Amino acid sequence: MDISSQVGGAAVLLWRILVRLFPPRFDKNEFRKCLYSMGYQSLSIMIATAFVVGVILVIQAFVFVDRYGMRSQLGWGAGFVTIRELGPVLLALMFSGRVGAFTTAELGTMTVTEQVDGLRCLAIDPISYLVVPRFLAMVISLTALTMIGNAVALVSASVMGDIMMEVDSHTFWSSLFSMLKVGDIVLSVTKSALFGAIIAVNSCFFGLGTSGGAPGVGVSVNKTVVSSAVAIFVVDFFSTFVLG
Amino acid sequence: MIDLLDIHVGYGGHKALDGLSLHVNDGVLLGIIGPGGCGKSTMCRVIAGLVQPDAGEVFVNRCNFRTCNRHELQSAQKDIGVQFQNDALFEHITVLENVEYPLKRLTDLRAGEIEAKAVETLAMVGLSGFEHRLPNRLSGGQRRRVALARACITRPGLLICDEPTAGLDPQTSRTILDMIAGIRYQTKCTVLVVSSDVVGLVSISNRIALVWSGKVIEEDSTTVFRQSERKEVQRFLDDARLPFAGWAWD
C-alpha cells in the first residue's frame, strides 16, 4: 500500500468516524472500557515519562541558564518548552507505542480471525462499535494525560531546579506564571487532541486493514507506530506554525 | 430465496468469482464443494453481504445487496447466521456470552430469557457444562460447535456454514454435519454448507453445487449430481474417493 492510498484510506475512515459522531452513534459500554484501559491504565507510565522529561529538561537547560545568569527565568523556560512542545509530543509518542500499537494488534487479530465480519453479520457496524469508542477514548485520554504529564514534568523540573541550581520553587513558579499565556495551554491541549486523533485513526485503519494472519498483525502494528510518529511530527510543525 | 446472477469478484488481479450464478430455494440444505481457492468462501461472503461484488446481482430474500442502502443490508443480515471458517469467537468473553451476544444485540429479550435460550442452544450442540469457559480453553471441535450455536441462536432464515469441518477428525466432522442437519430439520431454515468432507456433506444435503474456477458449474439434487457426466464433477468425486457402492445419497 503506498502512502497516498494510506492517507486516503485514513481520511475516509476519519470521515466515517465524524459522520457517526454527529449525532453520536457509538457503543457507550465499549467507550467506557476503552477510556479505562487507554486512559487510567496508561497513567503510571505517562507520569513516569513526564517526570523524567522534567528532570532531563532542567539538566539540559542548566548550562545555558547558568551561563547567561538567567536562573530566575528557569520556571518560564521549562514551562514554555514542556507545555508547548515536549509534553504533547513525547507523551503522544509514548501513547502511540502503548495504546496505538495495542489497538492495532487487537483490531488486527479480530480482523484476521473474522470477528469483525462476525459483527457485521450481526448487523453491528464495526465503525460505530469498535472504531468510534476507541477514537473518542484516545482523544480524551491523551489530552487529559498530557495535561497531567505537563504538571508532573513541571513539578519534577521545579524540584530538580531547587536541588541542582538552587532555584527555589517560589522563584520557579512565579517566573512560570508571570510569563505563561493562556494561548500556550490552548496550544498544548489542541496538539494533544490532534495527536490523539492521529493515533486513533492510524491504529484503527491499519488494524481493520490487516491481512495475512498473525504475521500481518505484526506488520500492521509496525505501520501504525511508524506512521503515527511521522504524522505527529508533521502535525506538530503545522500546528505550531499556524497557532504560534 | 437466494439468487446470484453473473457475480464477479476480484482481489488484486485475481478473479475469485468469475460470472457465478446460483439459485437456492427456501428450506434447502445446499452442500457446496469444490477445490481449494475456487471461490466457495467468497461466494458465501457475497451471500452474507460481507463482500460487495464488482459486477452482478445478489438477491437474498428479495433484498438486492447491490443496490440496497446500509440499513436495508443490516436488516437483511439479521436473518442470516454465519459460521465462519476461523470460528470468529470473541476470545475475551465466555462461551455463554458468545452465544448470547446475537440475542443481546438483535432482540429486546430480557437477560433471563436470553440466558435460557443460550443454555438451551448450547445443549443442542452438546456443550452443556461449558458455559463459563473461555473459547481458548476449548478444542477445535468444541469451538466449531460454539460458533454453530452462535450462528443459529437467533433462528435465522438462512444459515451459512463455511468449512465447519475443516481440520477436524472424521468422527467430529460427521457429528458437526449431523448437528447442522438437525438444526435445519428443527428450524426449517435454508442452509448452505461448504465442506471438504464430501461424503458427509452429501449424506445430509438435498442439493449439491460444485464450484470451479469462480463459477457454479453443476448444481442439482444429490442423486442427479452423482450421475452428471461433466468431467469436472466426475474428477472431483473420483478425487474424493467416494464409496459409490451402497452409498446412501438421500
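Is T146(A) buried or exposed? I opened the notebook with this residue. The model is a predicted one, and I kept that in mind throughout.

**Entry 1: T146(A)**

I found T146(A) in helix α6 of chain A, which covers residues 126-165. Its relative accessibility is 0%. The cut-off for buried is under 20%, so T146(A) counts as buried. I then listed what T146(A) touches, leaving out residues up to four places away in sequence. The contacts are G87(A), P88(A), L91(A), S188(A) and S192(A).

**Entry 2: chain A as a whole**

What secondary structure does chain A have? I counted 9 helices and 0 strands. Read from the N terminus, the elements go α-α-α-α-α-α-α-α-α. Along the principal axes, the C-alpha atoms take up a box of roughly 65 × 35 × 30 Å.

Next I checked burial. Of the 244 residues in chain A, 50% are buried. I also looked at contacts with a separation of 6 or more in chain A, and 87% of them join residues 24 or more positions apart.

Then came the surface. Chain A has an accessible surface of about 11,100 Å². Carbon and sulfur atoms account for 73% of that area. For charges, I noted 15 positive and 14 negative in chain A. Their mean positions lie 7 Å apart.

**Entry 3: chain B as a whole**

I moved on to chain B. It has 9 helices and 10 strands. How does its radius of gyration sit against the globule rule? The value is 18 Å, close to the 18 Å that the rule gives for 250 residues, so chain B is as compact as a globular protein of that length. The box around its C-alpha atoms is roughly 55 × 45 × 35 Å along the principal axes.

Buried residues are 53% of the 250 in chain B. Among its contacts with a separation of 6 or more, 64% are between residues 24 or more positions apart. Chain B exposes about 11,100 Å², and 48% of this comes from carbon and sulfur atoms. I noted 28 positive and 30 negative side chains in chain B. The centres of these two sets are 3 Å apart.

**Entry 4: a sheet in chain B**

In what order do the strands of the 4-stranded open sheet in chain B run? I read the order as β2-β1-β4-β5, with antiparallel pairing. The edges are β2 (14-24) and β5 (63-64) of chain B. Each has a single partner strand, so one side of each is left without a neighbour in the sheet.

I looked further at one pair. Strand β1 (residues 2-11) of chain B pairs with strand β4 (residues 55-60) of chain B over 5 bridges, in the antiparallel sense. I traced one position across to β4(B): D3(B) stands opposite F59(B).

**Entry 5: R184(B)**

My last stop was R184(B). This residue belongs to helix α6 of chain B, residues 170-187.

What does R184(B) touch, residues up to four places away in sequence not counted? I listed G27(B), V28(B), L29(B), C189(B), V191(B) and N206(B). I also took one distance: R184(B) and A149(B) are 35 residues apart in sequence. Their C-alpha atoms are 13 Å apart in space.

Definitions and conventions. Residues numbered from 1 in each chain as written. Chains lettered and ligands numbered in written order. Predicted model: local features only at pLDDT ≥ 70, side-chain atom pairs only at ≥ 80, totals over all residues. Heavy atoms only, no water. Helix = DSSP H or I, 4+ residues; strand = E, 2+ residues; numbered from the N terminus. Rg over C-alpha atoms; globule rule 2.2 N^0.38 Å. Buried < 20%, exposed > 50% of the residue type's maximum accessible area, 1.4 Å probe, protein only. Contact = heavy atoms within 4.5 Å. Areas by Shrake-Rupley, 256 points an atom, 1.4 Å probe, with all protein chains shown as cover. Lys, Arg positive; Asp, Glu negative; His and termini not counted. Charge placed at Lys NZ, Arg CZ, Asp CG, Glu CD. Pairing = 2+ DSSP bridges.
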